[in-house]
Amino acid sequence: MAATGIAGGAIAMQVCRRSTGLNSRRSEENLSLAELISPIRRGISSSRGRIRAGIEPFEEPRVIVKESQGSSTIFRKQSEASPPASLFQSRYGDSEPRKGADILVEALERQGVDIVFAYPGGASMEIHQALTRSTCIRNVLCRHEQGEVFAAEGYAKASGKVGVCIATSGPGATNLVTGLADAALDSVPMVAITGQVPRRMIGTDAFQETPIVEVTRSITKHNYLVMNVEDIPRVIEEAFFLASSGRPGPVLVDIPKDVQQQFAIPNWSQPIKLNAYMQRLPRFPEVAQLQQIVRLIANSKRPVVYCGGGCMNASEEVREFVKLTGIPITMTLMGLGIFPQSDSRSLHMLGMHGTVYANYAVDGADLLLAFGVRFDDRVTGKLEAFASRASIVHIDIDPAEIGKNKQPHVSLCADVKPALQSLNLLLREQKVKPDVGSWIAELEEQKLKWPLKYVEFGDDCIAPQHAIQTLCEITQGNAIISTGVGQHQMWAAQWFKYDKPRRWLTSGGLGAMGFGLPSAIGAAATFPDVPVIDIDGDGSFLMNVQELATIHVEKLPVKIMVLNNQHLGMVVQWEDRFYKANRAHTYLGDPDHEDEIFPDFLKFAEGCKIPCARVTKRSNLKAAIQKMLDTPGPYLLDVIVPHQEHVLPMIPGGSSFKDIITEGDGRKTY
Amino acid sequence: MLRIQRYTISVFVGDESGMINRIAGVFSRRGYNIESLAVGLNRDKALFTIVVSGTDRVLQQVMKQLYKLVNVRKVEDLSKKPRVERELMLLKVNVPAAQRTEVLGLVDIFRARVVDVAEDSLTLEVTGDAGKLASLERRMTKFGIKELARTGKISLLRDKSEEVVAPPILPQATSVSSLTKVSDLEKQASEKVVTHIPVTSSSAEGDVYAVESDDEGVWSHQVLDPDWGDVEAAEPNGYMSHTLSMVVNDAPGVLNRVTGVFARRGYNIQSLAVGLSERQGISRITTVVPGTDESIRKLLHQLSKLIDVVQDITHLPFAQRELMLIKISALPSARRDILDIANVFRAKIVDLSNRSITLELTGDLEKMAALQHLLEPYGILEVARTGRLALVRDSGVDTKLLGQLQPLQASY
């Protein structure tokens, strides 16, 4: 299984890193035999813990619900039986008092955390002191808290585990806010830990004090202010459980400095207190409901699957479903990779910048199977017109999403994975296969009629779409791609072929520029063997450019391909189309020297000792990309592209499929 | 079905500091409109009764979004079920001596009670549903209403008489009175002390934040027993419950902003009542917050930055009232005893079935505590409480204080 494969890899990686001595902060004194052995044992336990906490988060509630109603007792039983409690070997004796910060770090170790993204400060330095005493947690020191929180997201999106970031109080904490909001909208499992001023000083507007729990209340799944050192083990366990169970999301834990400093003997067997939450976790889907869906499928003539980020752990099931039924499938921006794009049943992405044929299929469908999606406005456009001819089946884990934007005809509040497993079983048993032959033929015709396309303008001009296409050809799609936000993001979604899930890291719901480089750091830290490529725009890249220092120092092989058009491209596109091409602060170059490329990203890269190159001619592009991939370690490739290109097709906001735009660029006036 | 209606929902929340703010945040963030809100705090949980207006769809969304909060245990829409609804109103009316009889006649008709008499004003307490309160208010307008405070609606479902099921007696499901629990708490606290190891001086030296070792900050006090633990000025450091009265503009999100100040400055709210006031577009928030005079003074400064009028009336003579609906498991055999107790406390019976009785009681804190304590052996099924209301007594008389000031009588 994929899960064990990842975990096994992580162990090997940890051991290897330890032997090469990369974890230099570890103190070398007092190395006993037990300690030399313990990392391996710890490695095993932590990887198992990770499975429990992160990789298969959806399995657990099901087990609980099946067993009984009194879920808290069941959960306690599970955690007693689970390996971390029994196999985990603490650095401290059972009755040895230690600081709150050490308890915190041990709690993270017990959750199987191997990498944290932490930037120190006055109120969190105790935690960093404790981190240096840990032998199995590596800190990747990003150069900005926004970088670290995005990196934790990249880590979580690529690996499926809970991402962990740590920041200090005040400005450190507020710098996390954008990332927390991003994780909340994209349902990324993440635990953010912040230092807080000592308890006594809370509310006094002390130095570097912000009420971060109040600030983040509406952009986290849950948050905690830990006022008692004895609560740390329980709160951390709850935080990880909340972050990864149900609809995943960010959880913030705020710990005052004096709590970090207080000595205590932790009680690791405290039960978690989430009874009401656990009771509300979705049940195993009932056959009667599934049977209704089967009936709809059997009777449909023009069905289409619309799947999104909620299916990230159910890729196998989705593939099997499509194989069984032959129903064509379209994915949201968050769902790219769940179903291979090379398959003929794939209609690629739908929505505002989705393909014509995907939007055509949804528009003409008589049955829309919405799996793990939330009918976002970037997908639906005008709500009344979206899938207006279809019966809608909506499966989602979050009951609040069902009927929020679009009223489904059949809804099922459940985790998509078990729901699809049972659905596939029913389909196979009853040999249901809808007659979709003519529908498929109709869609194939649309595919031929409206392929994704772009126009080339000679050798002096590299079309950005062409750059991504070339990258895809050279890597054969075998890479983890991260992006910023804007035109380059949409092109990366359209022109790179994703055949596996968790290979595509992007800020979807929030659309946070500057996401590309830090999230690539998170992915590269977990998967050192897979090429990680940040396809970025010049505007987005500049927003977290300080992380160039991180990738050099942490020796992370992140490749950066900047599609540099000297403009805020997506806004320029909208200016072209709807504001008579009036440039309102969307030019990012140097207005006094428009013939020069500004800023010079190559100098940034040189300043951070990162090899780099710039390419302006189409004929040199392929070699330049090849060189980027062949150079060991990080690399920056600055690809100069024209700013007149538009992302097409395009359905303007609030419009419907009939308003789709497929032609034109910034060289024309509208 | 786009008809805008009023819905009453009850939300059962686990205890957590800042939880009022968390609930209020859902409403302000999603743009839902709270018409009234009553919070009854119990030992480890709170029951919010919220009246929202909107379409049916809005209501469904509100409930789903509330359910997403981790500490919310139960959300229930009471609007379509048979229920008992009560609201408490304190009303200060201008009454010149000549008109007093007329007003007292009205008081009688509405079964209101007079809680304070001054030279030219009367303070009335009245309970009932929204319609009754509105009509009393209208009657009194002609005399001139000086001040008005309302709690917001609380609601309990009526029992269906037909179901003769053995009553589930779950004393722990409701709030249990002080005595036993306080001792428990003390036991826990003393146990904790054993495992506590004080902060070593080595780490405190040369630290980013210098913290003196005494713990007098607002945070060092445990969350008080919100049930009956009204702190009188007994503690040597002057830590006691303060009653604050605020007048706020009736704008979306105002409750969220006000409670946010409490939450982030580390103050615990013991009681909160939000309701309309004597003027249109203005609401009155009455809240009870424990703290020292000094810390409350600071809190007032913070609050004054947000809102127009905020007053700490703790040290003024004031009348305070709270409303409680309490459902007791009562098989016909035990009914007589319960009714006797209710009589003594002047509690009204608002619902009766062959297995339960629902009582309505108004009064101050001690009275509620005493009644609840007496009824406990019978099995309390459900309790809904409003927050406390308080209006300054125009008479300038504090009965409690007067009692203390009475000269000691010589013994004969």
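Student: What makes strand β4 of chain A a partner of strand β5 of chain A?

Tutor: Five bridges join β4 (residues 163–167) to β5 (residues 190–196) in chain A, and the two run parallel. Within β5(A), Met190(A) is the bridge partner of Gly163(A). Strands (E, at least two residues) and helices (H or I, at least four) are DSSP runs numbered from the N terminus.

Student: On what basis are the residues numbered and the values computed?

Tutor: This is a predicted model, in which local features need pLDDT of at least 70 and side-chain atom pairs count only at pLDDT 80 or more, while totals for chains, interfaces and linings use all residues. Residues are numbered from 1 along each chain as its sequence is written, chains are lettered from A and ligands numbered from 1 in the order in which they are written, and side-chain values use heavy atoms, without hydrogens and water.

Student: Why are β3 and β6 of chain A said to stand at the edges of their sheet?

Tutor: The open sheet has six strands in the order β3-β2-β4-β5-β7-β6, with parallel pairing. β3 (138–140) and β6 each have a single partner strand, so one side of each is left without a neighbour in the sheet. The twist averages 20° from one strand to the next; such angles run from 0 to 180 degrees between N-to-C directions of axes fitted to C-alpha atoms, for helices over the stretch in contact.

Student: What makes the link between Lys68(B) and Asp398(A) a salt bridge?

Tutor: The term requires a side-chain nitrogen of Lys or Arg within 4 Å of a carboxyl oxygen of Asp or Glu. The closest N and O atoms of Lys68(B) and Asp398(A) are 2.7 Å apart, so the pair qualifies. The rule finds one salt bridge across the interface of chain A and chain B.

Student: How do you know which residues of chain A and chain B are in contact, and how much area is buried?

Tutor: Contact means heavy atoms within 4.5 Å; by that rule, 46 residues of chain A touch 39 residues of chain B. Buried area is the accessible area (1.4 Å probe) that two parts lose on being put together, summed over both. For chains A and B the value is about 3,600 Å², 53% of it on carbon and sulfur atoms. On the side of chain A, Arg200(A), Arg217(A) and Arg280(A) lose the most area to chain B, together 20% of what that side buries.

Note on methods: Two strands pair if DSSP finds at least two bridges between them.
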